Amino acid sequence: MTAALGLRARGVDDVLLVTKTAWDGVSGGGSTAWAQGGVAAVTGADDDVALHVADTLAAGAGACDPEAVRVLCTEGPARLVELAERGLLLDGAAPGAPADPTTWSRGLEAAHSRPRVLHAGGDATGARTSAALVAAVGAAGVPVLDRACLADLVVEDGRVAGVDLLVDGPQGRPASSRRVLADAVVLATGGAGQLFSCTTNPPEATGDGLAAAWRAGAVVADLEQLQLHPTVAATPVPFLVSEAVRGEGAVLRDEDGVRFLADPASSLADPRAELAPRDVVARAVAAVVARQDGRPALLDATALGEHLRTRFPGIDAMCAAAGLDWTREPVPVVPAAHYWMGGVATDVRGRTALPGLWAAGEVARTGVHGANRLASNSLLEGLVFADRAAADVVDVLAGAPAGGVEPGVLGQGDVEELACAGAPAIPRAELQALTWEHAGLLRDAHGLELLAKALDGAPAAGAPRTRKEIEDRSLGLCARLLVASAQRRPESLGAHFRTDAAGAAPRGADRPVLLRRAS
């Protein structure tokens with residue numbers, strides 16, 4: 001939506017927004033509306049861009065692209081003002097007043113050195129961001145093609161020239177194929193959280209954009225870097241409990257009441273306690289769950305009392321629906337797959353290695369997250385780099401060179417060609433269980449090899465004819481790419497944690513895993 005609006009604002013009239021979900025004029029679908037956390041940006045007098053850059057680089061474990069991080073943190077505040085002008089009312093702002101960053105309430109989240117996380121509606125930042133952009137798209141008159149699943153990219157003469165879609169028929173009629181030709185395609189298709197049995201992602205997150213880009217010949221990077229969220233409610237209907245809850249003062253305990261991240265006697269203790277980076281907290285929670293024979297850890301927010309109901313109304317409602325009063329009792333929690341930090345490799349303009357193709361959001365690997373995404377940088381990344389992609393598309397349409405990014409620009413490593421164009425036909429539930437067990441929070445060579453053999457031993461998926469077949473093909477291919485990337489990084493790095501890393505020759509944080517389909 002940001003890219004479409006950026007194109008319209010720069011005078012491009014012929015823009016089509018394609019979405020996999022139904023477009024109801026309220027929710028844009030996808031993962032944005034699911035974001036409970038806020039959006040990080042420097043808006044306070046006690047903060048500066050250099051600190052935000054330093055925090056992002058530190059969380060990324062040495063694997064970030066410093067220039068991409070600089071762009072993110074420098075341009076982020078302006079994009080937030082723009083979003084506010086498009087209708088997002090951030091907490092602290094007066095309704096109807098001009099956007100004034102000095103009035104916005106700022107919260108602290110894990111691995112941030114200053115309170116700089118902005119929220120809208122407490123824990124409804126994503127939903128309100130999505131609603132504001134949906135309204136802006138409508139006001140700008142951008143046409144929307146909804147209920148359209150991406151099947152493939154159209155490639156002609158070495159450049160992307162459009163998309164092949166499967167569009168749902170009206171009133172239950174069969175879906176139909178549709179080809180849309182274009183001078184430029186911006187992928188904003190999100191991640192592949194449905195690759196795992198435990199996930200915070202919506203059902204649509206099946207990696208369609210990543211898989212299509214791979215088949216077309218794009219370079220992908222950092223696919224071994226999967227971020228898990230440490231606090232997902234272990235209830236009959238699981239739901240995410242925002243990191244902002246720990247930022248407000250909630251603590252993690254084991255079933256004996258021990259605050260394991262802060263107890264000096266605990267082997268899981270960390271000087272940052274509950275505000276350590278997500279990969280550290282997720283592994284600690286997983287260790288407690290394992291130690292307790294699968295029983296969840298406990299997120300104790302009871303000290304916050306009634307403040308929880310006003311600060312986190314959405315989570316409060318979900319707790320109530322699960323029969324929990326979190327003002328009086330802790331919430332049982334476990335880790336779950338959350339955010340794929342790798343993706344289609346881009347430069348800071350959003351360009352991919354394929355002429356005619358740009359990417360933004362979770363489908364892209366911009367280099368800002370490295371090996372561990374800093375909390376609340378994801379919405380910001382979408383805003384900043386989607387707008388940059390729009391600006392670059394306009395330049396190309398005006399006659400600027402339209403070539404793809406040279407591989408060397410995408411990182412310090414060499415691009416490795418991989419014979420991995422096809423996808424295995426394997427039942428989705430079985431695939432999700434296998435990837436969660438062998439390529440989730442903890443990994444080793446043996447488990448990755450077992451997963452690779454299971455994928456190799458499955459029959460090849462045929463040409464997809466339904467949405468489910470497209471999604472299953474995408475997930476199968478994403479699983480192959482995840483395994484291939486994880487096998488190529490023998491050491492632990494951020495969210496990629498190898499239990500067998502001792503003695504392994506390190507690849508080095510400054511050498512991303514870059515892969516492209518063998519021709």
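Contact here means heavy atoms within 4.5 Å. In this predicted model, and leaving aside residues up to four places away in sequence, Leu195 touches Trp340, Leu431, Gln432, Thr435, Leu475, Cys478, Ala479 and Leu482.

Leu195 also stands out in the largest nonpolar core, which has 59 residues: Leu195 and Leu153 are the members that touch the most other members. The biggest contribution to this core comes from helix 13 (residues 467–487), which supplies nine residues. Another core, of 41 residues, lies apart from it, and includes Leu17, Leu90, Leu383 and Phe385.

## Aromatic pairs

Two aromatic pairs turn up in a search of the whole structure. One of them joins Phe196 and Trp436 edge-to-face, with 6.4 Å from centre to centre and 80 degrees between the planes. This pair links distant parts of the chain, 240 residues apart: Phe196 is in the loop between strand 9 (185–187) and helix 5 (208–216), while Trp436 is in helix 11 (residues 428–439). Phe196 has a relative accessible area of 3%, so this residue is buried. Trp436 has 22% relative accessibility; the cut-off for buried is under 20%, so Trp436 counts as partly exposed.

The other pair is made by Phe312 and Trp326. Their ring centres are 6.1 Å apart and their planes stand at 65 degrees; edge-to-face applies over 60 degrees, so this pair is edge-to-face as well. Phe312 sits in the loop between helix 8 (307–311) and helix 9 (313–321), and Trp326 in the loop between helix 9 and strand 14 (331–340), so the pair ties together parts that are 14 residues apart in sequence. Both of these residues are buried.

## Strand 14 and its partners

Strand 14 is mostly covered, with nine of its ten residues buried. Strand 11 (residues 226–233) runs antiparallel to strand 14 and is joined to it by six bridges. Within strand 14, Val334 is the residue opposite Val232.

Strand 13 (residues 297–300) also pairs with strand 14 in the antiparallel sense, over three bridges. Here Leu299 has Val331 of strand 14 as its bridge partner.

In a regular strand, side chains alternate between the two faces of the sheet.

## Strand 19 and its partners

Strand 19 (residues 514–517) pairs with strand 10 (residues 220–221) in the antiparallel sense, over two bridges. Ala221 stands opposite Leu514 of strand 19.

Strand 19 also pairs with strand 18 (residues 415–418); these two run parallel and are joined by four bridges. Leu418 has Arg517 of strand 19 as its bridge partner.

## Arg373 over Tyr339

A charged side chain and an aromatic ring meet at Tyr339: Arg373 lies over the face of this ring, at 4.5 Å from the ring centre.

## Glu82 in helix 3

Glu82 is placed in helix 3 (residues 66–85).

Technical notes: Residues are numbered from 1 along each chain as its sequence is written. This is a predicted model: local features need pLDDT of at least 70, side-chain atom pairs count only at pLDDT 80 or more; totals for chains, interfaces and linings use all residues. Side-chain values use heavy atoms; hydrogens and water are left out. Rings of Phe, Tyr and Trp (its six-membered ring) pair if their centres lie within 6.5 Å; planes under 30 degrees apart count as stacked, over 60 as edge-to-face and the rest as tilted. Buried means under 20% relative accessible area, exposed over 50%, partly exposed in between (1.4 Å probe, protein chains only). A charge sits over a ring if NZ of Lys or CZ of Arg is within 6 Å of the ring centre and within 35 degrees of the ring normal. A nonpolar core is a set of buried Ala, Val, Leu, Ile, Met, Phe, Trp, Tyr and Cys residues joined through side-chain atoms within 4.5 Å. Two strands pair if DSSP finds at least two bridges between them.
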